[in-house]
Amino acid sequence: MAQGERTVDALAKAAGLNLTTASAHLQTLRQAGLVDTRRDGVRIHCRLAGDDVAALYALLRQVARAHQAAVEPARSAYLGTDGAREVDREELLARAAAGEVVIVDVRPAEEYAAGRIPGAVSIPLGELADRIAELPEGTEVVAYCRGAYCVLAYDAVRLLRERGRRAVRLADGGGWPNCPWRRQGPHESGEVRELARWLCRFSWMSFRHEFGSHLVRIGMINMDETR
């Protein structure tokens, strides 16, 4: 949902859940104020309630990575290591302005349509093998997807390099709005902690302690703050 509005059916399929279970989860998130919905005939469309919700998720992930030793090995095992270089946003902007790179968004087309890095071209990962010829030869390709834990750009760079193209990844991805292109700075720690405490209190009632316990385990809050 951080990449764009989705129907309940699409979210259930993406999560590998049956429709009833997915609907129940989404209803809980809606009651918590984290998700908004709209009806279009018989279909319910869901979206994040705001960019701050995506920011909260990103910060929780950052805290887990800082305090849980198992996170980085799991991330590396999932994404794989190919030795490809990553570029940050400042380098990307400078090189794109100079015409030195072509930026490729390898997310699904609907996510590209919902928002993308200016100047990026859409070639979803599943179409990349058949559309490599569309990319100018001799120009380095910068591939990006949803974020630092998204495998699409990794797979894209591996494919491009196997086909003899120069390719790098954008660090942290460029998905919209779950990306640094809209969130230029961290939220105040006090605000984050207050929201975390609120979520924990909510989770204590609604999720049988699992989420609140996780926040305690990763050191974002202490047990007294869950009362």
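Where does glycine 173 lie? Glycine 173 sits in the loop between β8 (167-170) and α9 (189-206); helices (H or I, at least four residues) and strands (E, at least two) are DSSP runs, numbered from the N terminus. Bear in mind that this is a predicted model, where local features need pLDDT of at least 70, side-chain atom pairs count only at pLDDT 80 or more, and totals for chains, interfaces and linings use all residues. Residues are numbered from 1 along each chain as its sequence is written, and side-chain values use heavy atoms, with hydrogens and water left out.

**Glycine 173**
- Glycine 173 counts as buried, at 3% relative accessibility (buried is under 20% relative accessible area, exposed over 50%, partly exposed in between, with a 1.4 Å probe and protein chains only).

**Cysteines**
- You'll find zero disulfides here (a disulfide is a pair of cysteine sulfur atoms within 2.5 Å).

- Strands β2 (residues 35-40) and β3 (residues 43-48) pair in the antiparallel sense over six bridges (pairing takes at least two DSSP bridges between two strands).
- Threonine 37 has cysteine 46 as its bridge partner in β3.
- Two residues lie between the strands of this hairpin, and glycine 41 takes a positive phi near 70 degrees.
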